[in-house]
Amino acid sequence: MTLLEVTDVTKGFEVRTRRFTRAKGTLTAVKSVSLQIEAGETLGLVGESGCGKSTLGRMVVRLLEPTSGEVRLSGVLYDSDDPVLRRSVQIIFQDPYTSLPPKMTVGRILAEPLLIHRIVPEGQIESRVRQLLSDVGLKPEHANSYGSELSGGQRQRVSIARALAVEPELIVADEAVSALDVSVQAQILNLMRDLQEQRGIAYLFISHDLGVVRYMSHRIAVMYLGEIVELGTADDVSENSLHPYTNALLSAVPSIHGHVSGSRVESEPPDPANPPSGCSFHPRCSWAQDVCAVDSPQLIEWRPGQRAACHFALEVFESSRERRHDQATRGEN
Amino acid sequence: MTDLIASESQLESTTDRPSRLLSTFKSPLALAGLVGTTLIALAAVFAPALAPHDPTGQNLSQILAPPFWDQAGTLEFALGTDGLGRDVLSRILYGARNSLTISFFAMLLGSTLGLITGLLAGFFGGRLDSVIMRLGDVQLAFPFILLAIAVLGVVPNRSAWHIIVVLGIPGWIIYARVVRSRVMAEKEKNYVVAARATGASKWRRLFIYVFPSVWQVVPVIALLDFGFLIIMESTLSFLGLGLPPPAATWGGILAEGRRNMIVSPWLPILPGIAIVLTVLSINLLGDGMAKVIDPSGAKGGFRRLRPEPTPRADGPDEAPPLLRVRNLSVEFPDANGTISAVRNVGFDLQRGEILGVVGESGSGKSVTASAIVQLIDPPGRVTSGEILLDGEDVVQASDRRMRQLRGHSVAMIFQNPTASLNPVLTVGYQMREALRTIGIQNRDVKDTVVRVLTTVGIPDPKRVVRQYPFELSGGMNQRVMTAMALAAQPRLLIADEPTTALDTTTQEQILTELVDLARSREISLLLITHDIALVSQYADRILVLYAGEVCENGPTSRVISDPAHPYTRALLESVPRVEVRSDRLQAIPGEPPDPRALPIGCPFAARCLHVMDICRVEDPSPVEIASGQWTACHLWTEDRAEVMRS
Amino acid sequence: MRGRALLIRFVQMVFVVVAVVTIAFFVLRIATGDPARLVNPPGTPEEIIAQTRAQIGTDVSIWQQYVDYLSGAVTGDLGTSFRGAQPVADAVLRALPNTLILAGLTVSISAVLAIGFGALAAWRPEGLIDRLVLGFAAVAQATPAFWLAVVLILVFSINLGWFPAIDMRGWRSFVLPVTTLVLSLSPILVRTARQSFAETLSEDYIKAARARGLPTWRVLGIHGVKSAALPLITLVGLQLGFLLAGAVVVEAIFNWPGIGKLILDSLASRDFPMIQGGILVAAMVFVILNFIVDMLYAVLDPRVGAAQA
């Protein structure tokens with residue numbers, strides 16, 4: 001069953017374009033993005049800073065209103081203050097240091113959503129809080145702590161517990177483990193996977209880290225400059241990518257098994273307020289032809305279940321398969 | 001990630017318990033302020049009981065009597081009398097009563113208005129905010145004191161309420177601005193956004209979430225405002241615009257005393273002392289509270305704290321490595337104890353070698369780097385050990401010598417390139433300055449700038465030199481930093497998380513360039529990072545730190561393929577990899593130990609899969625397990641290393 | 001800032017001046033009631049009061065008076081003094097430079113002191129210099145200007161006879177008034193400068209500059225001052241109002257022929273047009289100075305120039 005349906009969503013922000021003037025331009029952070037998430041599924045959303053992945057995440061939780069397009073939950077359009085929406089979709093943020101109210105105990109933080117939505121009778125709040133704490137691997141004593149007394153990993157567990165309190169169907173995890181040390185990061189990732197198995201929660205898992213995204217996701221969407229450039233199963237996107245940008249991201253990921261030679265990109269991402277014509281990746285793309293500067297490619301299904309917005313997706317696919325082969329042989333040595 | 005690593009270098013504890021304000025009185029100055037304020041407030045309240053005479057009672061036989069310390073003075077009129085024979089002590093006590101009451105109510109009026117408008121403007125923003133702030137602009141753009149003076153000058157039958165209103169109302173803007181900016185910062189924080197996502201209404205967010213985090217600033221401003229208002233009230237009464245005579249006011253006593261100041265100089269001086277003491281007490285109290293709420297104030301400045309020189313155990317080395325760190329320990333004392341950031345760390349770095357230093361936040365990797373350039377943030381200090389750069393111990397080097405070494409022999413680039421360049425100076429200015437410091441002649445500087453910028457891959461150096469750091473991308477700024485670091489041809493380059501703040505694709509470009517440049521110039525590189533996979537691609541050797549101690553130090557290929565320490569092994573297994581599908585990550589249980597309360601024994605013992613009894617008792621020292629590979633683990637000394645590999 | 005931004009800023013300035021004049025006009029009128037009664041001694045016959053009203057132009061509605069006043073002000077006519085019948089504009093413009101020179105000297109000296117002592121204090125926090133600077137600032141901040149002026153006169157004029165106690169004659173007469181004002185303005189500036197330096201000196205770019213081996217004077221004097229002076233500029237703008245209040249007192253005590261004394265004297269003689277005119281000119285000067293402060297900020301901080309305009 002399709003849980004979340006994002007259709008043709010666009011979000012523009014007004015920005016000052018030049019110094020010394022009040023001239024305003026529009027920065028299109030998210031450009032006609034469509035995607036679906038099934039119940040109990042994890043969709044990974046990967047991209048570099050400024051690509052619009054967080055903006056998209058916030059629109060899904062309706063903390064931002066789309067400029068155009070629709071966000072439906074189980075087929076229904078919701079008002080951003082609708083309690084049903086607020087119970088169904090939750091969000092976890094990156095920075096564990098600002099995501100907990102500084103003046104509340106952990107117990108109070110977890111009681112808040114229970115009180116707001118009257119999820120359990122007053123008398124049972126305390127026991128439900130204890131239950132939530134144990135669900136995320138914290139001790140009952142933590143209910144009396146303040147966020148500042150906890151470690152980064154513990155705070156992130158509290159954030160997860162707060163999201164779980166309303167028994168949501170979808171959790172948007174916006175770089176939820178990026179601020180954590182690797183040794184703690186793995187704990188949180190495993191916790192989130194376990195919770196999904198037990199409760200059938202769907203995740204929109206936003207991260208810049210391809211390794212983490214692959215570990216967590218059933219399917220992966222790759223974003224570049226506000227658009228989804230590739231969308232497919234986690235295995236397909238990570239191993240047989242169709243888009244040169246996905247390739248570039250993959251080959252830039254450091255690996256303990258030696259350097260992956262491949263399609264490195266030169267230069268840096270363009271200014272999102274002033275995107276290039278045609279395919280927005282073409283100035284950095286080694287595959288680019290004349291057509292790419294003019295014609296913006298559509299997100300097309302090139303292989304079963306795998307879509308890409310590239311004029312040369314099949315050629316890219318062939319080359320990434322070769323690269324994959326090289327790598328596999330090297331890994332064995 | 002950036003925030004967390006940044007916080008490592010500061011190692012600050014921000015305890016946010018609601019009862020923080022009480023800790024104000026740990027400071028002796030604030031305590032003195034509290035005592036002073038309380039005494040004066042009591043004197044004002046009990047003035048009728050304390051005053052020996054009627055403050056308005058004239059006694060024409062006692063005109064201008066001197067105070068008791070004067071030979072002619074008496075204790076009956078302890079502070080003398082004024083030109084109408086009124087007792088000065090009684091008048092000052094009643095003056096306190098009048099002045100403090102008026103100022104207090106004026107403060108109450110201003111703070112209430114300011115708190116309400118600030119909360120509303122900050123939280124709701126939009127048109128309401130514009131209207132309130134525009135009003136504030138008008139108010140700030142004009143000296144309303146002047147208008148206050150004019151109004152009090154013309155108003156018929158001036159009373160205390162007139163003064164309260166005229167003094168109090170203009171104060172609102174100070175409160176409103178601070179409260180508004182705090183509310184605006186607070187409402188964007190994730191916890192408020194998360195509250196909205198869980199369905200908290202806007203009033204709930206304002207009063208349950210935002211308000212508790214911002215209100216503390218109001219009493220602090222109120223106290224400082226109170227002091228200011230006391231001065232303003234006295235100023236008005238000095239100008240004859242305060243409470244009408246014969247009421248006793250400090251300013252009034254002073255104004256009247258001024259007429260007789262040649263014969264009786266204490267008359268204008270005494271009420272002034274009362275004002276100074278009162279306002280000083282209140283301000284000290286306010287400052288103390290402000291420090292607790294906003295502890296951003298005093299860091300350590302440029303202090304450098306050095307340990308006593310220790311006698312060198314071994315004789316001079318025949319062929320010393322470029323860098324040799326021995327038994328380095330660094331501590332950061334703070335209010336809650338002492339953080340042992342680095343303990344007994346030792347390693348060598350050969351000429352032309354690239355050493356990767358890997359560790360999580362709190363592992364001591366950045367502090368070690370700061371110690372090498374002797375720029376540890378005070379009050380942190382090297383407590384023992386030596387850092388030999390080409391055989392010279394930098395820990396004991398003079399400040400002057402250190403300045404020579406920095407820039408010439410050792411260069412450093414930092415995690416956040418944009419923050420590491422001065423935002424108000426152009427890139428060109430900072431480049432030229434750096435080049436002149438290392439002795440490049442003035443006439444060559446401009447050409448050299450362009451040349452070095454070209455070598456680090458900046459496409460348009462002539463344009464870049466005219467730009468400010470905020471106009472360039474993080475990657476560009478890191479290239480500028482690299483250019484500056486390499487221009488001096490240093491022997492050692494320390495790169496502290498040079499690409500953590502950058503995007504994945506940029507990270508790879510920058511690092512590859514950096515490593516290529518170091519290799520081609522035979523510069524030794526200390527590459528500090530939290531990412532073991534990243535460092536494995538560039539480093540010759542890897543040093544793994546955990547909780548301020550060395551776990552493992554060996555050639556990259558050995559450390560990656562057959563790690564000798566359980567922590568290194570666990571670290572490698574806990575990183576999700578993109579090239580293969582992993583079923584389940586082997587997470588390391590638990591969390592790193594509290595650096596203020598380190599366990600006895602091995603710091604990793606509590607999280608180690610192969611922990612033995614000895615690990616909880618004795619901290620292992622590094623042993624050489626193979627040529628050039630060192631590890632600090634009891635498994636090796638106990639001959640049980642095989643269990644790791646199973 | 002370019003044309004359009006300048007224009008917007010100018011319109012804002014005009015708005016502020018008009019707002020201030022309006023507020024001053026109505027607040028004063030509401031506070032006083034009927035000026036004609038105030039000008040005459042109590043018990044004056046009604047017909048004489050009516051005559052006065054016609055004379056000073058308060059016999060029409062208050063709105064009409066307001067419109068008349070505004071339209072006069074636009075052409076530079078601020079009315080005529082109740083006493084002596086001299087044009088208000090002349091008197092105010094004669095007094096203005098005397099106040100400006102006092103304020104100008106005060107601001108420049110205080111700013112130099114603040115930057116110098118602020119940098120020295122932050123260089124070694126909680127060291128001897130820092131404690132002395134902060135201690136001095138705390139006491140000076142608690143000291144009222146009028147008392148300080150009296151004490152200075154007692155010591156330096158009456159006892160030592162070094163400087164004149166009143167009137168504006170020669171450079172010696174500047175010493176005591178300027179000292180008084182500097183001592184009341186500089187504490188807050190010094191404290192802010194110290195705080196601002198302390199924050200600047202813990203920035204990454206300061207550490208990076210030191211890691212490049214730059215000499216300490218350069219790190220403090222160029223990198224530190226350029227960033228740390230910015231909050232100071234804003235603060236000077238905000239403090240101008242209190243400086244003016246201080247100037248009123250100082251002018252009164254030292255018999256200094258400036259705007260402050262003009263307003264105080266007019267208050268004593270209930271000279272309405274003069275009070276009104278003094279406030280209007282003060283407001284204009286004020287707004288212009290704040291505009292200059294903003295400009296200075298935009299020039300010194302390239303980020304502001306780029307972001308806000």
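User: What makes residues of chain C count as in contact with chain B?

Analyst: Two residues are in contact if their C-beta atoms, placed from the backbone, lie within 7 Å, and by this criterion 70 residues of chain C are in contact with 68 residues of chain B. Helix α10 (residues 216-254) of chain C gives the most to that side, with twelve residues, helices being DSSP runs of H or I with at least four residues, numbered from the N terminus. This is a predicted model, in which local features need pLDDT of at least 70 and side-chain atom pairs count only at pLDDT 80 or more, while totals for chains, interfaces and linings use all residues. Residues are numbered from 1 along each chain as its sequence is written, and chains are lettered from A and ligands numbered from 1 in the order in which they are written.

User: Why is chain B called more spread out than a compact globule?

Analyst: The radius of gyration, taken over C-alpha atoms, is set against a globule rule of 2.2 Å times the number of residues to the power 0.38. For the 646 residues of chain B the rule gives 26 Å, whereas the value is 33 Å, well over it, so chain B is more spread out than a compact globule. Its C-alpha trace spans about 100 × 65 × 55 Å along the principal axes.

User: How do you know what share of chain B is buried?

Analyst: A residue is buried if 20 or more other C-beta atoms, placed from the backbone, lie within 10 Å of its own, and 53% of the 646 residues of chain B count as such.

User: Which residues does B:Ala150 touch, leaving out those up to four places away in sequence?

Analyst: B:Ala150 touches C:Leu28, C:Ile263, C:Leu267, C:Ile275 and C:Ile279.

Terms used: Helix = DSSP H or I, 4+ residues; strand = E, 2+ residues; numbered from the N terminus. Buried ≥ 20, exposed ≤ 12 C-beta atoms within 10 Å, placed from the backbone.
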